[in-house]
Amino acid sequence: MRIDIISALPQLLESPLGHSIVKRAIQKGVAEINVINLRDYSTDKHRSVDDAPYGGGAGMVLMIEPVARCIDKLRSERNYDEVIYLSPDGELLDQQISNKLSMLHNIILLCGHYKGIDERVRTHFVTREISIGNYVLSGGELPAAVLCDSIIRLLPGAISDETSALSDSFQDGLIAPPVYTRPADFRGLQVPEILLSGNTPEIEKWRHEESLRRTKERRPGMI
Ligand code: SAM
């Protein structure tokens, strides 16, 4: 899978994409992530990509010209399944959306900044808008990194034990059961006996019951 991320502040993506599972997936060739500096598509000598809003008011707006030039260039090189604009008022990201996006081949993620992006980009270039929650961040880079991570960990080969991502919360409509590791006794805090029993069918039964209990407790709407 290839993900092209268009950003006016690409440095913000370096750390989230440069470690752990995402980094390894890129190294293994499971995913290709290409971060594009929107300023490279500015025609102005200051490399500016934003301007004041028509009608006045606070904040700057990302201009359509550099964004259009950048998307046109990418589209001239390959077909994209989606051009996704990260936006607080987009559809709310959940596991089902990440699962579906993980089956695509090429996507563009467009990060807004300042007051947002010229509306004509949204109506004429963007095919989908995704929000990571009902709150406002300063830019689309962290939401893009969240979306990338949630997609990439699902790609075959990204995680060494592929069943791991499938047993995470929300995958089967349930919250994941609690997990423990050594020591079995920490200051009198015991690991549940069943997990030490070696009885795999009983352990699986316990995990399923714990998943159900947690889901009823924490996300009753999912049941
Ligand atoms: N004026 C916009 C509004 O009220 O909806 C907010 C703009 S925000 C300061 C700048 C950029 O951050 C947005 O264009 C978007 O790309 C990104 N952003 C902020 N919060 C987000 C969220 N919850 N989900 C996805 N993207 C978000």
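Helix H8, residues 200-218, gives the largest pocket four of its lining residues, the most from any element. Helices here are DSSP runs of H or I with at least four residues, strands are runs of E with at least two, and both are numbered from the N terminus. The model is a predicted one, where local features need pLDDT of at least 70, side-chain atom pairs count only at pLDDT 80 or more, and totals for chains, interfaces and linings use all residues. Residues are numbered from 1 along each chain as its sequence is written, and side-chain values use heavy atoms, with hydrogens and water left out.

So what counts as a pocket? Picture a 1 Å grid over the protein atoms alone: a pocket is an open set of points with protein on both sides within 12 Å along at least five of seven lines, and a lining residue has an atom within 4 Å of a point. Points are joined across faces, edges and corners, and the volume is the space filled by probe spheres set on them. The largest pocket holds about 360 Å³. It has 14 lining residues, and Ser167, Ala176, Pro177, Arg207 and Ser211 are the closest to its centre. By class, that lining has six nonpolar, four polar and four charged residues. In this scheme Ala, Val, Leu, Ile, Met, Phe, Trp, Tyr, Cys and Pro are nonpolar, Asp, Glu, Lys and Arg are charged, and the others, Gly among them, are polar.

Now for the second largest pocket, with about 300 Å³ of space. Its lining has 22 residues, with Leu86, Ser87, Pro88, Val136 and Leu137 closest to the centre. Strand S5 (82-92) and strand S7 (128-131) each supply at least two lining residues, and S5 gives the most, with four. Eleven of the lining residues are nonpolar, nine polar and two charged.

Turn next to the ligand. For polar contacts, look for pairs of N or O atoms within 3.5 Å. Ligand nitrogen atoms lie 3.0 Å from a backbone N or O atom of Gly133, 3.0 Å from a polar backbone atom of Leu137 and 3.3 Å from one of Ser87. The protein covers 82% of the 580 Å² of accessible area that the ligand has on its own, by the Shrake-Rupley method with a 1.4 Å probe.

Finally, the domains: an automatic or database assignment gives domain 1 (2-152) and domain 2 (167-222). Their C-alpha centres lie 37 Å apart.

How values were computed: On a 1 Å grid over the protein atoms alone, a cavity is a set of points where a 1.4 Å probe fits but cannot get out, and a pocket is an open set with protein on both sides within 12 Å along at least five of seven lines; lining residues have an atom within 4 Å of a point. A polar contact is a pair of N or O atoms within 3.5 Å; within protein, one must be able to donate a hydrogen and the other to accept it, and residues adjacent in sequence count only if both atoms are side-chain atoms.
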